[in-house]
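Here's a quick tour for anyone meeting this structure for the first time. Have a look at the model, then read on.

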Amino acid sequence: FPQALPMVGMADPLHCRNKVLRSFANGKTSLYHGMYRAGTHQILSVHRCLIENSRANEIANCALEILSAMGLPAYREDFHKGVLRHMQVRRGHHSGQALVTVITGGEEFPGGKEFAAKLMARCPEVRGVIHNINPRGDSAVMGYRSRLLAGRDEMWDTMSGLQVCLTSRSFYQINTAQAEKLYAKALQYAALTPEDTVLDAYCGVGVISMLAARQAGRVIGIEIVPDAVRCALRAARRNQIDNIEFLCGDTAKVLQKGGLSPTVVLMDPPRAGCSEDFLQAVAACQPRRLVYISCNPQTLRHDVDWLEGAGYR
């Protein structure tokens, strides 16, 4: 096996997570929130976590205090009764702006707008409060439908000197400081020049695309989630980047239509890895270099084996 490259770690790993997620439960005397005990659906009360953003923890605790005073019960998955399932607090690592999303088990959120107004008054950095409805019985935290209770479902953060637009449902790397190092390393491997046309597959809100646009002649970001594409377009305009375009759709299908001839492909797929249709479409374009960011070594291994079979080294 090749010699392992050195790990790129953090000098201070405390309070690095820019997103706090809590699940609600009914206590003997009042509502509480926390995290699931490993391997169970038992919720352990949590008010402070050393790897989560400190102020985001405070906002979550403030929200709990308001909701508890309103007398709203937690949702019981076993009986499909109650109201509150989960809460997400997203806070910009550099900007300090925040979004709060309350997830309920059904359509009703009694006093939701009153809750939102009180929370934004007590926590002025909260840009918006969102109500998400998730009646599903699987492990997904968020459902498919949301409604705005107060403010806007939009916040901004800074990453590697770029303004980044986010919503309550946007995918955004949990550890901003490490993401900046990760993306810098990816672009180092890409070795871009002004002659390059870059395809950024699974581009999300467009951070890697915009970073690549600093070095490449042209960048195309492709993402299947319309909300993420809208965020990417807004950010590109705010950052005054004009050699970039974002396309909404399935990356494999967009490539199969033809017309794109990338010299470098950047890919950052979800845990399931890349579809074979996508890998075939990429191989057909014959880019000179691929840079693959993975959050799942098992699917990475599968995809790398496939690409080696297609002639890549």
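In helix α5, the buried residues are A228, V229, C231, A232, A235 and A236. Viewed down the axis of α5, they fall within an arc of 160°, so they line one face of the helix. Keep in mind that this is a predicted model.

**More on helix α5**
- Helix α5 covers residues 226-238, which makes 13 residues.
- From first C-alpha to last, α5 reaches 19 Å, close to the 18 Å expected at 1.5 Å a residue.
- What do the buried residues of α5 pack against? Their partners are the strands β8 (155-159), β9 (162-166), β11 (218-223) and β12 (244-248), plus helix α4 (207-213).
- After α5 comes Q240, with a positive phi near 55°.

**The open sheet**
- Elsewhere, 7 strands make up an open sheet with mixed pairing, and their order is β3-β2-β1-β4-β5-β6-β7.
- At the edges sit β3 (43-45) and β7 (145-151), each pairing on one side only.
- Neighbouring strands in this sheet are turned by 35° against each other on average, direction ignored.
- Strands β1 (residues 19-26) and β4 (residues 84-91) run antiparallel and are joined by 5 bridges.
- V20 has V89 of β4 as its bridge partner.

**Helices on the sheet**
- Helix α1 (residues 54-70) packs on the sheet and touches β1, β2 (31-36), β4, β5 (98-104) and β6 (126-133).
- The direction of α1 makes about 145° with that of β4.
- Helix α2 (residues 112-122) also packs on the sheet, where it touches β5, β6 and β7.
- The direction of α2 makes about 155° with that of β6.

Technical notes. Residues are numbered from 1 along each chain as its sequence is written. This is a predicted model: local features need pLDDT of at least 70, side-chain atom pairs count only at pLDDT 80 or more; totals for chains, interfaces and linings use all residues. Side-chain values use heavy atoms; hydrogens and water are left out. Two strands pair if DSSP finds at least two bridges between them. Helices (H or I, at least four residues) and strands (E, at least two) are DSSP runs, numbered from the N terminus. Axes are lines fitted to C-alpha atoms, for helices over the stretch in contact, and angles run from 0 to 180 degrees between N-to-C directions. Contact means heavy atoms within 4.5 Å. The expected span of a helix is 1.5 Å times one less than its number of residues. Buried means under 20% relative accessible area, exposed over 50%, partly exposed in between (1.4 Å probe, protein chains only). The arc is that of the directions from the helix axis to the C-beta atoms.
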